[in-house]
Amino acid sequence: MANELFEKVPVHKAYFKLALPVVFSMVISLVYNMVDTWFIARTGNTDLIAGVSLGAPVFTLMIALGDIFGLGGSSVISRLFGRKLDEDGKRLSIFCFYAAFACGIVIAALMLLFRHPVLHLLGADQNTYAYVSQYYTFIVLGAPFIILSFTPSNLLRTEGFATASMTGTILGSVVNIILDPIFISVLGLGAAGAAIATVLGNICADLFFVWFLMTKSRKLSINPAGFHISGAEIGQILAIGFPASITNFMQSLGIALTNRFLLPYGNERVAAMGIVMKVNMIAVLILVGFAFGGQPLIGYNYGAGNHKRLQKILQFSYRFETGTGLLLALILALTARPMIGLFIKDPVIVETGIPMLRMQLVGMPFIAVVLVTTCIFQSSGKAWNAFLLSVSRQGVLFAVVILLAARLAGYYGVLMAQAVSDLLTALLAVWLFWHGLYRVIWEK
């Protein structure tokens, strides 16, 4: 039945069957992040809001590390399934599961050891240090469970279990949403409460994924009995996993850079940008869900050498994703004031946030192109091309753009830097696709 989904079901139906659960998962994940922000914003403490915003890149880093084994593993495994090498795919799924948890333990130890310098690197000052520290400490303690949760949620889709992947993510998000008001408001834990709720939500998601893998999955496993893996196979996973991870790591870097460049203009601007990024993330996560939700479909048909079907998948992906990006940008631009007002009633922060949000949204269609192209490179095993895109949009290219923009245009240069970086990265994506994959797929 799973093979029929990947090989015979009409492209748009197969794409939506795999992608929609991912989109729903992304939206629910966004909801609980927005709930965190809403409860924090309701305290009326600008330093607390800014502190959580400064600590946000730490959680994004956890997602990035989970993607090493989640997206890296799913790319290799989906191609193996396309070549009918199911047992090899199962072996690799075992490695990905345990490697993700081990990675979380190592990261937690390192980040606790270097806690003080990292907090200052994030931009914590005397007003925000206590709040950033609280959030940071509990998120880091939960690193093994957070990083692990992003691995099976991606691997399950290679077997066609997109709905199960969604269920686990939603379960964790619902638990988080329920616990947020208890820990943040009732118990008065503030930033620490938001982090604790996030960790407990991820633990619940992990428990669901373990149960599903043990009882329902036929092609994936967490049973280490008789397990073996070669260095070459680990290399294949990491070759795709690291660029996928860097995408989210660069997101953390992008947020941190933006905050650092806004700090001279006051904590109110940092607080406003923290809320704006949450609203902007509505569109971004929907686009990410649709782009990467179709990854198993692309990887399977690339591995199977079915270029005719692959062409249809790619054409559909680009058209649908770009159109969706334009529509979401328009909707959020028109509703900027009420969307920001959901989080905070301070009229100064709301007015500050409106132009921030609209300038971020300018780059949305370009983000769509970058996401689809990155997904194609990851699915086909083109690690170097995926890496170049991963380090560009919110990384190296963004760093150069925001530095120049801040010097040339000051405050508004900082606000427009992301959209300019999105455009330049989209142009790079088109060039890389044309020279790296177009002739391979369309001329064979």
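Q: In this predicted model, is leucine 189 buried, partly exposed or exposed?
A: Let's start with where leucine 189 sits, which is the loop between α9 (162-186) and α10 (190-215). Its relative accessible area is 32%. Buried would need under 20% and exposed over 50%, so leucine 189 is partly exposed.

Q: How far apart are the closest N and O atoms of aspartate 88 and arginine 91?
A: Helix α4 (residues 86-113) holds both aspartate 88 and arginine 91. They are 3 residues apart, about one turn of the helix. Their side chains form a salt bridge, and the closest N and O atoms are separated by 3.0 Å.

Q: Which glutamate forms a salt bridge with arginine 91?
A: The closest N and O atoms of this pair are 2.6 Å apart. The pair links distant parts of the chain, with arginine 91 in helix α4 and its partner in helix α11 (residues 231-262), 142 residues apart. Both residues are buried. The partner is glutamate 233.

Q: Which residues are linked in a network of salt bridges?
A: Arginine 91 pairs with aspartate 88. Arginine 91 also pairs with glutamate 233. The network therefore runs through arginine 91 by the salt-bridge rule, and its members are Asp88, Arg91 and Glu233.

Q: Where does the salt bridge between arginine 337 and glutamate 351 have its closest N and O atoms, in Å apart?
A: Arginine 337 is partly exposed at 45% relative accessible area, and glutamate 351 is partly exposed at 42%. The closest N and O atoms of their salt bridge are 2.2 Å apart. This pair links distant parts of the chain, 14 residues apart, with arginine 337 in helix α15 (residues 336-341) and glutamate 351 in helix α16. The distance asked for is 2.2 Å.

Q: Are helices α12 and α16 parallel, antiparallel, perpendicular or oblique to each other?
A: Two packed helices are described by the angle between their axes and the distance between the axes. For α12 (residues 267-293) and α16 (residues 347-361), the axes come within 9 Å and cross at roughly 50°. That makes α12 oblique to α16.

Q: Is the crossing of α12 and α16 left-handed or right-handed?
A: The two axes cross at roughly 50°. The crossing of α12 and α16 is right-handed.

Q: How far apart in space are asparagine 306 and isoleucine 441, C-alpha to C-alpha?
A: Asparagine 306 lies in the loop between α13 (295-304) and α14 (307-334). With a relative accessible area of 29%, asparagine 306 is partly exposed. In sequence, asparagine 306 and isoleucine 441 are 135 residues apart, and in space the distance is 9.2 Å.

Note on methods:
Residues numbered from 1 in each chain as written. Predicted model: local features only at pLDDT ≥ 70, side-chain atom pairs only at ≥ 80, totals over all residues. Heavy atoms only, no water. Helix = DSSP H or I, 4+ residues; strand = E, 2+ residues; numbered from the N terminus. Buried < 20%, exposed > 50% of the residue type's maximum accessible area, 1.4 Å probe, protein only. Axes fitted to C-alpha atoms, helices over the stretch in contact; angles between N-to-C directions. Parallel < 35°, antiparallel > 145°, perpendicular 65-115°, else oblique. Left-handed = near helix turned anticlockwise from the far one by under 90°. Salt bridge = Lys/Arg side-chain N within 4 Å of Asp/Glu carboxyl O.
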